[in-house]
Amino acid sequence: MCGRYASTRSPQELAPLFQVPDVPAKETLAPNWNVAPTDDVWAVLERAPRGEEDTDTVQRELRPLRWGLVPSWAKDVKVGARMINARVETVHEKPAYRRAFARRRCLLPADGFYEWERIEDPATGKARKQPYFIHPEDEQVMALAGLYEYWRDPAIQQDDVPAAWLMTCTIVTTEATDAAGRVHPRMPLALTPDHYDAWLNPRHQDPDELRALLGQPAEGHLQARPVSTAVNDVRNNGPQLLDERGA
């Protein structure tokens, strides 16, 4: 699974990278070196303007979504904490994801992601989990493949109140290879810039063609370095979490 990642670039940096015409003016997220489930994260998506859902007009946006997909039919928002990843092998079939996979796909910008390897501590002889930060060799931003969904809060009566709607997302994952595979059997999928348009286009709905767009982050050119166990605590944040530490 992908259960923690880093996303520190500003909207001003991300917008031109993903050809988003307008930088968000009001909604701003701070750099986050320890993104955890249920956090708000930057997402790139395309959707029709409100009231024009039946037209071919779509707008590309950069906006915050809550990580942990809540299906539209869910009775409680808490289910999202368990739905941070969607397996690419079954994403087009699972009831929780298939509608989003067909129509509501997004990109989640990331600097890298964390995985944990179970190792034996030579000092104590006991097993422990060593965190690794896995990132592109060239330090470029990764465009993780994601899905998003709308959830209507039944506690709010009016539809046109912003708080009535929650937008959430999940990361599409696959079997891990290369640097990531040495640490953990699963890893997030990503897209190269030449595939952004096709992935984000809500009119593009062929499942086989969509899955063919996905690939390894940084096309497999990844590095994995051991980092401090401080990342284990979601309350810890800051660039020091990425510093290399002995495994």
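Me: In which loop is arginine 104 found?

Reply: This is a predicted model, in which local features need pLDDT of at least 70 and side-chain atom pairs count only at pLDDT 80 or more, while totals for chains, interfaces and linings use all residues. Residues are numbered from 1 along each chain as its sequence is written, and side-chain values use heavy atoms, with hydrogens and water left out. Helices (H or I, at least four residues) and strands (E, at least two) are DSSP runs, numbered from the N terminus. Arginine 104 is found in the loop between helix 2 (98-103) and strand 6 (105-110).

Me: Is arginine 104 buried or exposed?

Reply: A residue is buried under 20% relative accessible area, exposed over 50%, and partly exposed in between (1.4 Å probe, protein chains only). Because its relative accessibility is 15%, arginine 104 counts as buried.

Me: With which residue does arginine 104 form a salt bridge?

Reply: Leaving aside neighbours within four places in sequence, arginine 104 is in contact with Arg99, Leu147, Tyr148, Glu149 and Tyr150, where contact means heavy atoms within 4.5 Å. A salt bridge is a side-chain nitrogen of Lys or Arg within 4 Å of a carboxyl oxygen of Asp or Glu. With closest N and O atoms 3.0 Å apart, the salt bridge partner of arginine 104 is glutamate 149.

Me: How many residues apart are arginine 104 and glutamate 149?

Reply: Glutamate 149 is buried because its relative accessible area is 5%. The pair links distant parts of the chain, with arginine 104 in the loop between helix 2 and strand 6 and glutamate 149 in strand 9 (residues 142-152).

Me: What is the distance between the closest N and O atoms of arginine 9 and aspartate 111?

Reply: The structure holds nine salt bridges, one of which joins arginine 9 and aspartate 111. This pair links distant parts of the chain, 102 residues apart: arginine 9 lies in the loop between strand 1 (5-7) and helix 1 (11-17), and aspartate 111 in the loop between strand 6 and strand 7 (112-120). Aspartate 111 counts as buried because its relative accessibility is 12%. The distance between the closest N and O atoms is 2.4 Å.

Me: Which helix holds both aspartate 208 and arginine 211?

Reply: Aspartate 208 forms a salt bridge with arginine 211, the closest N and O atoms being 3.5 Å apart. Aspartate 208 counts as exposed because its relative accessibility is 55%, whereas arginine 211, at 26%, counts as partly exposed. Three residues apart, about one turn of the helix, both lie in helix 5.

Me: What is the relative accessibility of glutamate 219?

Reply: Glutamate 219 has its place in the loop between helix 5 and strand 12, and its phi is near 55°, a positive value in a residue other than glycine. Glutamate 219 counts as exposed because its relative accessibility is 59%.

Me: With the side chain of which residue does the side chain of glutamine 130 make a polar contact?

Reply: Glutamine 130 is found in strand 8 (residues 127-136) and is buried because its relative accessible area is 2%. A polar contact is a pair of N or O atoms within 3.5 Å; within protein, one must be able to donate a hydrogen and the other to accept it, and residues adjacent in sequence count only if both atoms are side-chain atoms. At 3.0 Å, the side chain of glutamine 130 makes such a contact with the side chain of arginine 128.
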